[in-house]
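Take a first look at the fold before reading on.

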Amino acid sequence: MLSILGILIVFGAVVGGYMMEHGKLLILAQPTELVIIFGAALGTVIAANPLPTLIRMGKGMLGILSGPAYPKAVYVENLKMLYELFSMARKAGNAKLEEEIDNPAKGEVLKRYPKFLKSHHAADFLCDTLRTAISGNVDPMDMDAMMELDMEVHHHEMHAPVAALSTMADSLPGLGIVAAVLGVVITMGALGGPKEEIGEKVASALVGTFLGILLCYGVFGPLGSAMSKRNDDEGAYFCFLRMAAMGFIKNLSPIVIVELARRTIPHGVRPSFKELEAACRGAKAAATGSAAQAA
């Protein structure tokens, strides 16, 4: 939502300053210039990127408008989930944990956290790591390297839409010049006509340059930066899951695992230790209630 607010401030400041100088707002409404600039920009993006990257770019831009993907509430819920999951493994054994991660949608713990399961790559990252740790005697350092490689591959995939959007933003000033040159060509063809008509055509041509620069630095450039920061937030979330998995691989107690994972959460969204304790108490209560219901 802050991205929308920022873009509105950009347009408000530009249009407001223009109106303060007694500019005519209708002159800036040049649909032909927008068709040239946007059409050409869209064509360059389509020509330079495969369809999956284009789809991820669209989803990334929509994700910016939906707000932060990993607020404190998400981390608190995940800490509770991890505590439940590893407590179950300690009490019932790795065989029970393996059943859980083989079919998380129908398991005892993970099915209660649909938001986590909806993030398919995060769910696969955690479940595949735990499955590998259970199935074979793998050195913790090798497991850590495996998770790091998985995260690097995912980060590279998520960076591609950001690079595509940034490239499109960088092309907009040049495409604005193209639109302006075309306007000048049209103006040259109108020489000898009324001065007012020539003036309007020159103004229309200059609007193309103005729109290209404004859309680059005022809209799509900031959106690309926001997508990059969103990817950084996702990277921090995967580091959180990675540390939790490492704690399990090192056979630490569930409470120590979640505390270790909590320490990796960025300070702006990191739950306090008291909030962690409250979440773990809630997990214990949920597990006790489930056991009593099953009995």
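This is a predicted model: local features need pLDDT of at least 70, side-chain atom pairs count only at pLDDT 80 or more; totals for chains, interfaces and linings use all residues.

Residues are numbered from 1 along each chain as its sequence is written, and side-chain values use heavy atoms, with hydrogens and water left out.

Start inside. A nonpolar core is a set of buried Ala, Val, Leu, Ile, Met, Phe, Trp, Tyr and Cys residues joined through side-chain atoms within 4.5 Å. Buried means under 20% relative accessible area, exposed over 50%, and partly exposed in between, with a 1.4 Å probe and protein chains only. The largest such core has 43 residues. Leu85, Phe116, Tyr237 and Phe240 have the most contacts inside it. Several helices supply at least two residues each, including helix 4 (72-92), helix 8 (140-189) and helix 9 (195-249). Helices here are DSSP runs (H or I, at least four residues), numbered from the N terminus. Helix 9 gives the most to this core: ten residues. Apart from this core lies another, of 23 residues, with Ile7 and Val162 among them.

Now find Tyr237. Which residues does Tyr237 touch? Leaving out residues up to four places away in sequence, they are Tyr70, Tyr75, Asn78, Phe116 and Ala122. Contact means heavy atoms within 4.5 Å.

Rings come next. The structure holds eight aromatic pairs. Rings of Phe, Tyr and Trp (its six-membered ring) pair if their centres lie within 6.5 Å; planes under 30 degrees apart count as stacked, over 60 as edge-to-face and the rest as tilted. Tyr75 and Phe240 pair edge-to-face, with 5.2 Å between centres and 90 degrees between planes. This pair links helix 4 to helix 9, and its partners are 165 residues apart. Both Tyr75 and Phe240 are buried. They belong to one aromatic cluster, which also includes Tyr70 and Tyr237.

Follow helix 8 next. Its 50 residues should span 74 Å at 1.5 Å a residue, and its end C-alpha atoms are 74 Å apart, which agrees. The expected span is 1.5 Å times one less than the number of residues. A kink of about 35 degrees lies at Leu172, shortly before Pro173. The bend is the angle between axes fitted to the seven residues ending there and the seven starting there.

Finish with two loops. His22 sits between helix 1 (2-20) and helix 2 (31-48). Its phi is positive, about 65 degrees, although it is not a glycine. Asn251 lies between helix 9 and helix 10, and its phi is near 65 degrees. His22 is exposed, at 75% relative accessible area. Asn251 is exposed too, at 61%.
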